[in-house]
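The answers set a value beside the criterion it has to meet.

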Amino acid sequence: DDFRKLRRFGLMSFYIATSPEFSWKIDSGWKTNDDECTWYGMTCDNNAVVEISLPSNRLSGTIPPEFALGGLGGKVTVLDLSENSIGGNLPSEISDFHNLSVLDLKNNAFTGIIPAELKHLTKLISLRLHSNKFEGAMPAEVCSLRDPTTGTLAELTADCDPDDPFDQVTCDAETCCT
């Protein structure tokens, strides 16, 4: 059906964009006609993708905006791309994964600013952005997810230690980053 084609297009765009220099360490199913729920790193519930977990899998390149189509249906709750070599700007479309509770992008090579659109991820419990090359201010909109009365974000890690000369992210609120 069209829904499945769009989801597959988003996921394959991601696969192609994150394997320009090296092949993924494990990519079982990704280059096949098999159902996405059988692909390495994918977890499904009732034929809907609920988790994309590809840590330490030799991903490089960038995340294309089309990747958001991979989360069609709004069921993805965990996106773990940690410990890879993904770089470039983090596309604002990542905020289209509305039901994320965990977004783990630590230890990659992302650059640029942290997109304020992450504020739309109102179900986030954990946002790990440290050990990248982000710069600029942590968006106040993202910090608002940590509000003790209205926010759900318990963990927000980024490179915002003012005493570390390599950290390039600034946080206005002392309680924003952990």
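**Labels and their grounds**

In this predicted model, a polar contact joins the side chain of Asp-80 to the side chain of Ser-82, at 2.7 Å.

Q: What makes the pairing of the side chains of Asp-80 and Ser-82 a polar contact?
A: The separation is 2.7 Å, and the criterion asks for a pair of N or O atoms within 3.5 Å, one able to donate a hydrogen and the other to accept it, so the pair counts as a polar contact.

Q: How do you know whether Trp-39 is buried or exposed?
A: Its relative accessible area is 2%, and buried means under 20%, so Trp-39 is buried. Trp-39 lies in the loop between α1 (2-17) and β1 (42-45), and its contacts outside four places in sequence include Arg-8, Leu-11 and Met-12, as well as Gly-29 and Trp-30. The backbone oxygen of Gly-29 is 2.9 Å from a polar atom of the Trp-39 side chain.

Q: How many aromatic pairs are counted, and why is the pair of Tyr-15 and Trp-30 called stacked?
A: The count comes to 9 aromatic pairs. For Tyr-15 and Trp-30 the ring centres are 5.9 Å apart and the planes stand at 20°; centres within 6.5 Å make a pair and planes under 30 degrees apart count as stacked, so this pair is stacked. Because Tyr-15 lies in helix α1 and Trp-30 in the loop between α1 and β1, the pair ties together parts 15 residues apart in sequence. Tyr-15 and Trp-30 are both buried.

Q: What makes the pair of Phe-67 and Phe-97 tilted?
A: The planes of Phe-67 and Phe-97 are at 50°, with 5.3 Å centre to centre; under 30 degrees would be stacked and over 60 edge-to-face, so the angle of 50° leaves the pair tilted. Phe-67 and Phe-97, 30 residues apart, link distant parts of the chain, and both are buried.

Methods. Residues are numbered from 1 along each chain as its sequence is written. This is a predicted model: local features need pLDDT of at least 70, side-chain atom pairs count only at pLDDT 80 or more; totals for chains, interfaces and linings use all residues. Side-chain values use heavy atoms; hydrogens and water are left out. Helices (H or I, at least four residues) and strands (E, at least two) are DSSP runs, numbered from the N terminus. Buried means under 20% relative accessible area, exposed over 50%, partly exposed in between (1.4 Å probe, protein chains only). Contact means heavy atoms within 4.5 Å. Rings of Phe, Tyr and Trp (its six-membered ring) pair if their centres lie within 6.5 Å; planes under 30 degrees apart count as stacked, over 60 as edge-to-face and the rest as tilted.
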